Amino acid sequence: MLETLEGELARGRAAFEAAATLQELEDAQVSVLGRKAPFSQLQRGLGSLDESQRREVGARVNAVRTELTASLDTRRATLQEAVEATLLQEDRIDMTLPGRRPRAGSLHPLTLVEREVIEVFTRLGFRVAEGPEIEDDWHNFQALNIPTDHPARTMKDSLFVAIPGHPELLLRTETSAVQIRTMQSQPPPVYVIAPGRVYRRETADATHLAVFHQVEGLVVDEGITFADLKGTLEAMAKELFGERRRVRLGPAYFPFVEPGAEVGVSCFKCDGVGCRVCGNGWIELLGAGMVHPQVLENCGYDPERYTGFAFGVGIERIALLRYAIPDIRMLVDGDVRFLEQFGTAS
Ligand SMILES: [Zn+2]
């Protein structure tokens, strides 16, 4: 029995030492110390020995079990350390690897132009006003001196909004309705610009979109004259297109102003000589005029005491000119390669 015991001790130590993984060690444990292992059978056989033998062999059995258990624990600790070391190695973050830079976006050219226009006018003391994109007939047409049968209504094919019980709602065709809402909400003086999206029933082509952007300006105060209008537009033209720009005003008809003017800016490419961009040296940029007395009256202002001017310019128009973009549809195509050219986000 003692011989078997010593044999099992040697076999156990060797088996534990040879285990290369925790699983192999577990298998070895079953084979050496498990219920069916020779060692356990021997332990169970102790009862059949006489007392003196049992004491001697029993003491050795206990000693061998202690040694085998110790050997098993040592090996287990070693294998566990190895496993943890491997895990650490796998999870290791290599701080010397180059990082992945998140792709930075850039501002859309329309946003750039709109921000610039807003900046120009806020510096001149204007405030930014906003209004809803769905308007009613009164704010979009009637208050602006465009009655139901006025030809201007057929000129701009409107997009109406089908909401039961509200037959006269439409997507605003101009930001002019914001002027009306501003005048209704406060007494003069008024110095506001209204940037925003407008909608027309247009078929998209190189120069038209059904959704586009305007900035309108409105000034109402005592003693405002046509000279103030021209001076303001000149200041804007110089800020947007360079210090040497001049403006010229030609007669034009808009129902909500009297007199009305078509405003040209001297070409920033050829300085007014004449080139491919402008043709004759002038770029027609916007419409403007003195606010019609009827419009002031519609909003509860006294046209005997107050005068004002208004203008409206297309953001897309400025963007196309500024960045020499040949087709307005490029602004809404969503082609990142095109949009990336306009600088980084700010
Ligand atoms: Zn030119």
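1. Aromatic pairs first: searching the whole structure turns up nine of them. Rings of Phe, Tyr and Trp (its six-membered ring) pair if their centres lie within 6.5 Å, and planes under 30 degrees apart count as stacked, over 60 as edge-to-face and the rest as tilted. Phe254 and Phe256 make a stacked pair, because their ring planes sit at 20°, with centres 6.1 Å apart. The cut-offs here are under 20% relative accessible area for buried, over 50% for exposed and partly exposed in between (1.4 Å probe, protein chains only).

2. A word on what you're looking at: this is a predicted model, where local features need pLDDT of at least 70 and side-chain atom pairs count only at pLDDT 80 or more, though totals for chains, interfaces and linings use all residues. Residues are numbered from 1 along each chain as its sequence is written, and side-chain values use heavy atoms, with hydrogens and water left out.

3. Back to the rings. Phe121, Phe126, Tyr191, Phe309 and Phe311 are linked into a cluster by ring pairs. There's also a charge over a ring (NZ of Lys or CZ of Arg within 6 Å of the ring centre and within 35 degrees of the ring normal): the charged end of Arg322 sits over Tyr323, 5.9 Å from the ring centre.

4. Now the strands, which are DSSP runs (E, at least two residues) numbered from the N terminus; two of them pair if DSSP finds at least two bridges between them. Strand 7 (residues 257-266) is largely enclosed by the rest of the structure, because seven of its 10 residues are buried.

5. Last, the metal. Which residues coordinate the zinc ion? The SG atoms of Cys267, Cys270, Cys275 and Cys278 do, at 2.2 to 2.3 Å. Donors are N, O and S atoms within 2.8 Å of the metal (3.2 Å for Na, K and Ca); water is not among the atoms, so sites may look incomplete. The arrangement is tetrahedral because the four donor atoms subtend angles of 104 to 112°, the criterion for four donors being all angles between 85 and 135 degrees. For reference, the ideal tetrahedral angle is 109.5 degrees. The donor spacing in sequence is C-x2-C-x4-C-x2-C, and both Cys267 and Cys270 are buried.

Note on methods. Tetrahedral: all angles 85-135°; square planar, octahedral: opposite > 155°, others 65-115°. Helix = DSSP H or I, 4+ residues; strand = E, 2+ residues; numbered from the N terminus.
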